[in-house]
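Reader: Could you walk me through this model, beginning with what you count as a charged pair?

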Amino acid sequence: MTSNAGAVSARRITYNTLRNRIISLELPPGSLLSENELAQALGCSRTPVREALILLADNGLVHVVPRKGTFVSSLSLDDIRDAQFLRESVELHALDSISFPLNDDVVARIHTNLDHQHESIERGPSEFFSLDEEFHQLLLELSGHRRLWQQVADYKTHLDRARFLGLTTRDSLARFHQEHVQITESLLAEDLAAAHATLCAHLRIVLDDLKNAMTRYPAIFKLTELAETDL
């Protein structure tokens, strides 16, 4: 690996690590991010940390306050709405374009994913969230639009923070798993209408969870948007 490739890799690894910690609220809104402390905690130099923070700022996940430092940004309802619109548009349209018979290899990986989801319910939201992401990526692959996933994933980071707020109990994880099973069973029965209806309702659960989160955790949202919200 060349030095330039190594630098890019270090920046990407650092970015992904910090992004995941922000999404999971391990680094909640308002957290001060020190380059020195992050570099020490991640076992790297300050350069990839600084570059990762620039990328995170470009994505609106952190912001710089002059003479004070870099902070994790509050959740933006406008960004969440936009990401939800994009996700629904892509995933529902892709689902409707699925043709039969289904790809056996992708179906086998979906079944494996569902088994792992079920096993992860007792272990908490972090592992389940990763498997949830994989399931939806597999649905796009089943439709022949696998390459769209990265674009959707990059854009929906703000939505993912809101989604994580809804994965706080065993019952919520079990509910999501069961809906994934129902979507899969509808596809295996070649019932696209039923799969579409279940996926649509499934994707919109985050809006109900968001209303509850705004009541329970108002401090993590942008105050001006919170006062004007109408989900």
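Author: A salt bridge here is a side-chain nitrogen of Lys or Arg within 4 Å of a carboxyl oxygen of Asp or Glu. This is a predicted model, in which local features need pLDDT of at least 70 and side-chain atom pairs count only at pLDDT 80 or more, while totals for chains, interfaces and linings use all residues. Residues are numbered from 1 along each chain as its sequence is written, and side-chain values use heavy atoms, with hydrogens and water left out.

Reader: OK, how many salt bridges does the structure hold?

Author: The structure holds 16 salt bridges. One of them joins the side chains of Glu91 and Arg87, with 2.7 Å from N to O.

Reader: And where do Glu91 and Arg87 lie?

Author: Both are in helix α4 (residues 77-96), where they sit four residues apart, about one turn of the helix. Helices (H or I, at least four residues) and strands (E, at least two) are DSSP runs, numbered from the N terminus.

Reader: Switching topic, which domains is the chain divided into?

Author: There is domain 1 (10-72) and domain 2 (77-220), with bounds that come from an automatic or database domain assignment. Taken over C-alpha atoms, their centres are 27 Å apart. Ten residues from domain 1 and nine residues from domain 2 make the contact, meaning heavy atoms within 4.5 Å.

Reader: How much area do domain 1 and domain 2 bury between them?

Author: About 910 Å², 65% of it on carbon and sulfur atoms; buried area is the accessible area (1.4 Å probe) that two parts lose on being put together, summed over both. Helix α1 (residues 3-23) gives the largest share of the side of domain 1 that touches domain 2, namely three residues.

Reader: How many salt bridges are there between domain 1 and domain 2?

Author: Between domain 1 and domain 2 the count is zero salt bridges.

Reader: Now the sheet: in what order do the strands come?

Author: Three strands form an open sheet in the order β1-β3-β2, with antiparallel pairing; two strands pair if DSSP finds at least two bridges between them. β1 (32-33) and β2 (62-65) are at the edges with a single partner strand each, so one side of each has no neighbour in the sheet.

Reader: How many bridges join β1 to β3?

Author: Two bridges join β1 to β3 (residues 69-72), and Leu33 has Thr70 as its bridge partner in β3. Val64 also stands opposite Thr70, and β2 pairs with β3 over four bridges.
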